[in-house]
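Trainee: I would like to learn how to read helices and single residues in a model. Can you take me through one?
Mentor: Gladly. Have a look first.

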Amino acid sequence: MSDLVVQINEPSRRLDAIDRKILTVLQEDASLSVAEIGDRVGLSSTPCWKRIQRLETDGVILRRVALVDQNKIGLGITVFVSVESADHSEGWLRKFADAVSAMAEVMEFYRMAGDVDYMLRVVVADMQSYDLFYKKLIGAVPLKNVTSRFAMEKIKSVTALPVPATV
């Protein structure tokens, strides 16, 4: 369950303007060499590499990944699934979180405030695949209500966070 808890970890030192530039560059293209990143932020390779390592050690940079076009690999349907629960016990949440986290179709999973308890972003190939996912979801633990909203068009989708001027 600890994965669901938002943890605020203070970095060992504050991020300066160069750290923020490095984060911006890496979010745009993590495949750049350290020399290319250094050129873009005004550092030579060694100090740039040391900063990147520190940002990773401090947990500011979580990991570097390749972004894949879901449509080009046959996952053409995005579904936003709202879940309401009648049970809010720690045991129920742990079981639910473990079950949902193990479902490969779930891209994002949030505990919400307001009229919905949990929100999932799910990607699947087709309606039949979603039906199989839905049956797995409702079979995992008792749920009060599940509402599915199918995305018709992706208008904006970014992965780069807007790095604040000061952190």
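**Reading the helices**

Mentor: Start with a pair. Helix H2 (residues 34-41) packs against helix H3 (residues 45-57) at an angle of about 95 degrees, and their axes are 9 Å apart. This is a predicted model: local features need pLDDT of at least 70, side-chain atom pairs count only at pLDDT 80 or more, and totals for chains, interfaces and linings use all residues. Residues are numbered from 1 along each chain as its sequence is written, and side-chain values use heavy atoms, with hydrogens and water left out.

Trainee: What counts as a helix, and how is an angle between axes defined?
Mentor: Helices (H or I, at least four residues) and strands (E, at least two) are DSSP runs, numbered from the N terminus. Axes are lines fitted to C-alpha atoms, for helices over the stretch in contact, and angles run from 0 to 180 degrees between N-to-C directions. Angles under 35 degrees count as roughly parallel, over 145 as roughly antiparallel, 65 to 115 as roughly perpendicular and the rest as oblique. So H2 is roughly perpendicular to H3.

Trainee: Which residues make the contact between H2 and H3?
Mentor: Contact means heavy atoms within 4.5 Å. H2 supplies Val34, Ala35, Ile37 and Gly38, while H3 supplies Ser45, Cys48, Trp49 and Ile52.

Trainee: How do the residues of that contact divide into nonpolar, polar and charged?
Mentor: Learn the classes: Ala, Val, Leu, Ile, Met, Phe, Trp, Tyr, Cys and Pro count as nonpolar, Asp, Glu, Lys and Arg as charged, and the others, Gly among them, as polar. The contact of H2 with H3 has six nonpolar, two polar and no charged residues.

Trainee: What span is expected for H3?
Mentor: The rule is 1.5 Å times one less than the number of residues. H3 has 13 residues, and its first and last C-alpha atoms are 18 Å apart, close to the expected 18 Å.

Trainee: Which residues of H3 are buried?
Mentor: Buried means under 20% relative accessible area, exposed over 50%, partly exposed in between (1.4 Å probe, protein chains only). In H3, the buried residues are Cys48, Arg51, Ile52, Arg54 and Leu55. Down the axis of H3 they fall within an arc of 160 degrees, so they line one face of the helix. That arc is taken from the directions from the helix axis to the C-beta atoms. The face turned away from the buried side of H3 carries exposed Lys50 and Thr57. Cover for the buried residues of H3 includes helix H1 (17-28) and H2. Just after H3, Gly59 takes a positive phi of about 80 degrees.

Trainee: At what angle do H1 and H3 pack?
Mentor: About 80 degrees, with their axes 11 Å apart. That makes H1 roughly perpendicular to H3. H1 brings Ile18, Asp19, Ile22, Leu23 and Leu26 to the contact, and H3 brings Cys48, Arg51, Ile52, Arg54 and Leu55. The residues of this contact of H1 with H3 are seven nonpolar, no polar and three charged.

Trainee: What do the buried residues of H1 pack against?
Mentor: They pack against H2 and H3. Asp19, Arg20, Ile22, Leu23, Val25 and Leu26 are buried in H1.

**Single residues and another helix**

Trainee: Is Arg54 buried or exposed?
Mentor: Arg54 has 16% relative accessibility, so Arg54 counts as buried. Beyond its neighbours within four places in sequence, Arg54 is in contact with Arg13, Leu15 and Asp19.

Trainee: Which residues of H5 are buried?
Mentor: Tyr130, Phe133, Leu137 and Ala140. Seen down the axis of H5, they fall within an arc of 85 degrees, so they line one face. Gln128, Leu132 and Gly139 are exposed on the other side of H5. Among the elements covering the buried residues of H5 are strand E1 (77-84) and helix H4 (90-101).

Trainee: Where is Val141 found?
Mentor: Val141 sits in the loop between helix H5 (127-140) and strand E4 (145-150). Val141 is buried, at a relative accessible area of 3%. Not counting residues up to four places away in sequence, Val141 touches Trp92, Lys95 and Phe96.

Trainee: Where is Pro164 placed?
Mentor: In the segment after E4. Pro164 has 42% relative accessibility, so Pro164 counts as partly exposed.
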